[in-house]
Amino acid sequence: MAAFLTLSASAAVILLVIHGGLCVDIIGGKVVEPHSRPFMALIQAANGKLICGGTLIKENWVLTAAHCYMEGSKVILGAHSVKAKEKEQQSFQIAKQIRYPHYHAGSKEGDIMLVQLQKRAKVTKAVKCLPLPRSDEDPKPGTICTAAGWGKTHNGKGMYSDTLREVNITVISRQICNDKNHYKQKPVITKNMICAGDKNGGKDSCNGDSGGPLICNNVIRGITAFGKGKKCGAVDGPGVYTRLTKQYLQWIRKTIGGA
C-alpha cells in the first residue's frame with residue numbers, strides 16, 4: 001500500500017528502496033463529493049507528483065506515515081483534484097518532517113510522521129482540522145471503517161486517481177492477518193496496527209494512499225501504512241494501518257503542543 005508515483009527515473013529508484021513491497025490506493029471505492037473531506041492533505045513531490053496522503057490535525061500540522069518522508073515535498077490542502085488548480089486549494093512548503101523516534105521500516109512499527117507547515121492553514125469550508133481521538137480505542141473485528149486517497153484504483157500499471165476516492169472496509173482480527181494464508185507474521189501484525197479489508201477482497205487502499213486516515217465511527221483510528229506487495233484488494237492481503245495507540249497519541253500531542 002505504498003503511496004508513491006514515478007517521479008522521475010532517479011526518484012523512482014529512491015522510492016523503490018524506501019517503499020519497496022508496499023501497496024497503497026483506493027480499490028473498490030468511489031469518488032467522494034468534492035471538498036467533503038476537508039481534513040485530507042495531499043503530499044506532493046517538488047514536481048507535483050503524488051507521494052502520500054495525510055490528515056490536517058492542527059492548522060499547521062499534518063499527520064501522515066513515516067515512510068512518506070521525502071525532501072523537497074509540499075502539502076496541498078482543500079484539494080479534490082490532483083491536477084486541477086482549484087480555488088479551494090491552499091499550498092504549503094514544509095518546515096519540518098518529524099518521524100516517530102522508534103519507527104522501524106523492517107517491522108513497520110511506528111509508521112507515523114508529523115509534518116509541520118511553514119504557515120498556518122486558513123480554515124474554510126474546504127479546509128478543516130480533524131480532531132485527534134480522545135481515547136486509544138482498538139476497533140473490534142467487524143467494525144466498518146473508511147480509507148481515502150488519490151492512489152491507484154486497480155492493480156498493475158494503472159493510473160492513479162485524479163480525484164479523491166473513499167472505500168468502506170472492515171476490521172479483520174490480527175489473528176487472521178498473522179495467519180499462514182495472510183501475512184505469515186512477515187511482518188507481525190501487532191496491537192499497534194489495524195488490519196482492514198473485505199472478506200471477499202476487492203476493497204482496499206493501494207499505491208498512493210499511504211499516510212491517509214482510517215476513520216471508524218467518525219473518529220480517526222489509524223494511518224494507512226502498508227499492504228501485501230502488488231496485490232491490492234486481495235483476500236489474503238488486507239491493508240494494514242498504524243493504530244493510534246495511547247503511546248502514539250501522547251507523542252503527537254507533545255510534538256504539536258496539545259490539541
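Student: Which cysteine forms a disulfide with Cys52, and how far apart are their sulfur atoms?

Tutor: Cys52 forms a disulfide with Cys68, and their sulfur atoms are 2.0 Å apart. A disulfide here is a pair of cysteine sulfur atoms within 2.5 Å. The model is a predicted one, in which local features need pLDDT of at least 70 and side-chain atom pairs count only at pLDDT 80 or more, while totals for chains, interfaces and linings use all residues. Residues are numbered from 1 along each chain as its sequence is written, and side-chain values use heavy atoms, leaving out hydrogens and water.

The link of Cys52 and Cys68 is left-handed, with -85° about the S-S bond. It connects distant parts of the chain, 16 residues apart: Cys52 is in strand β3, and Cys68 is in the loop between β4 and β5. Helices (H or I, at least four residues) and strands (E, at least two) are DSSP runs, numbered from the N terminus. Cys52 counts as buried because its relative accessibility is 0%, and Cys68 counts as buried at 1%. Buried means under 20% relative accessible area, exposed means over 50%, and partly exposed lies in between (1.4 Å probe, protein chains only).

A search of the whole structure finds four disulfides. One of them joins Cys145 and Cys216, with sulfur atoms 2.0 Å apart. This link is right-handed, at 105° about the S-S bond. Cys145 is in strand β8 and Cys216 in strand β11, so distant parts of the chain, 71 residues apart, are linked. Cys145 is buried at a relative accessible area of 1%, and Cys216 counts as buried at 4%. Another disulfide joins Cys206 to Cys232, again with 2.0 Å from S to S. With 70° about the S-S bond, the link of Cys206 and Cys232 is right-handed. Cys206 lies in the loop between β10 and β11 and Cys232 in the loop between β12 and β13, so the pair ties together parts 26 residues apart in sequence. Cys206 and Cys232 are buried.

Now return to strand β3, where Cys52 sits. The buried residues of α3 pack against β3, and also against β4, β6, β7 and β13. Those buried residues are Tyr248, Leu249, Trp251, Ile252 and Ile256. They lie on the same side of α3 because they cover an arc of only 160° around the axis; the arc is that of the directions from the helix axis to the C-beta atoms. In general, an α-helix has 3.6 residues a turn, so residues three or four places apart point the same way. The face of α3 turned away from the buried side carries the exposed residues Lys246 and Lys254. Just after α3, Gly257 takes a positive phi of about 80°.

Tyr248 and Trp251 also belong, with Tyr100, to a cluster linked by ring pairs. Rings of Phe, Tyr and Trp (its six-membered ring) pair if their centres lie within 6.5 Å; planes under 30 degrees apart count as stacked, over 60 as edge-to-face and the rest as tilted. A search of the whole structure finds three aromatic pairs. The rings of Tyr100 and Tyr248 have centres 4.9 Å apart and planes at 80°, so this pair is edge-to-face. Tyr100 lies in the loop between β6 and β7 and Tyr248 in helix α3, so the pair ties together parts 148 residues apart in sequence.

Conventions:
Contact means heavy atoms within 4.5 Å.
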